[in-house]
Amino acid sequence: MMSGTNDLKSAAVDMMCCASCGISEGDDIKLKTCTACKSARYCSVKCQKEHRPKHKRACKKRAAELHDEMLFKQPESAHYGMRMKAELKELLGRDLKLDTPREYDTQNQNELRQAQFGGKILELKHCLKKFKKELETVENNLSALHILINEKIPTYFNLVGGSNNINNMKAELKAELKELLGKDLELDTKNECRLAHMDLQQKHTEFLFKRGDLKDNLEELENELKTVENNLSISSSSSS
């Protein structure tokens, strides 16, 4: 009992001092509380930044605890509580009793954790689908640009100024260029063909960079999805 009392006193004393440099609060020193965990105070932004590496893990843990406390101390009549229960019912397929802290037992904690993982999985899968579709569009554009740069424009370039009737080919090329580059280009002279070729090469480079970014994002999302699915599996096993 004495140990618990001493811990409370120690925590109270700690809250009166800067967690980084230890300076006490006074008339000239105003300490500001960490907005995430509410359990550390600092005399300056500099001290807070310097202390962040040591404080980060404890801060995340306490912030998560505060989040859970906020979720499950809401009365059922409150709009937030009703909305939360509705979301949980949609994810779990049944009602959970979350009206009082006592009703928030171990089983409910596990099921809520599973619901949170389930919601995160749905969100990640939606993002993956979106990025994959965007990557497919980029790949198609790169393929079209490659053909224009290496085949169609060079072929057309060799025909410009000759006696051949190339109006149909020119109309098709101009339509493709507008779709890919977003602007109208003239192809009446060899110089205009050279300029169009340069624009296509620049756009090709842009799409290459975009493809690289999309692939990096997809890899990160897939790794995160595996982690969340693994956490869901562990949570399901612990509650069974």
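Tutor: The questions below go from the overall fold to single residues, and the model is a predicted one.

Student: Which pattern does the protein follow when read along the sequence?

Tutor: The secondary structure comes to six helices and two strands. Taken in sequence order, these elements give the pattern α-β-β-α-α-α-α-α.

Student: What percentage of the 240 residues in the protein is buried?

Tutor: A residue counts as buried when its relative accessible area is under 20%. Of the 240 residues in the protein, the share that is buried is 26%.

Student: Is Asp213 buried, partly exposed or exposed?

Tutor: Asp213 is located in helix H6, which covers residues 190–239. Together with Asp216, Glu219, Glu220 and Glu222, Asp213 forms a negative surface patch. Buried means under 20% relative accessible area and exposed means over 50%. Because its relative accessibility is 48%, Asp213 counts as partly exposed.

Student: How far apart in space are Ala175 and Leu185, C-alpha to C-alpha?

Tutor: Ala175 belongs to helix H5, residues 167–181, and is partly exposed at a relative accessible area of 48%. In sequence, Ala175 and Leu185 are 10 residues apart. In space, the C-alpha to C-alpha separation of Ala175 and Leu185 is 9.3 Å.

Student: Which residue has a positive phi although it is not a glycine?

Tutor: The residue is found in the loop between strand S1 (32–33) and strand S2 (41–42). Its phi is about 65 degrees, and the residue is Lys38.

Conventions: Residues are numbered from 1 along each chain as its sequence is written. This is a predicted model: local features need pLDDT of at least 70, side-chain atom pairs count only at pLDDT 80 or more; totals for chains, interfaces and linings use all residues. Side-chain values use heavy atoms; hydrogens and water are left out. Patches are made of residues with over 30% relative accessible area and no salt bridge: like charges are joined within 9 Å, nonpolar side chains (Val, Leu, Ile, Met, Phe, Trp, Tyr) within 5 Å. Accessible areas come from the Shrake-Rupley method with a 1.4 Å probe; for residues, only the protein chains shown count as cover. A salt bridge is a side-chain nitrogen of Lys or Arg within 4 Å of a carboxyl oxygen of Asp or Glu. Lys and Arg count as positive and Asp and Glu as negative; His and the chain ends are not counted. The place of a charge is taken as NZ of Lys, CZ of Arg, CG of Asp or CD of Glu. Helices (H or I, at least four residues) and strands (E, at least two) are DSSP runs, numbered from the N terminus. Buried means under 20% relative accessible area, exposed over 50%, partly exposed in between (1.4 Å probe, protein chains only).
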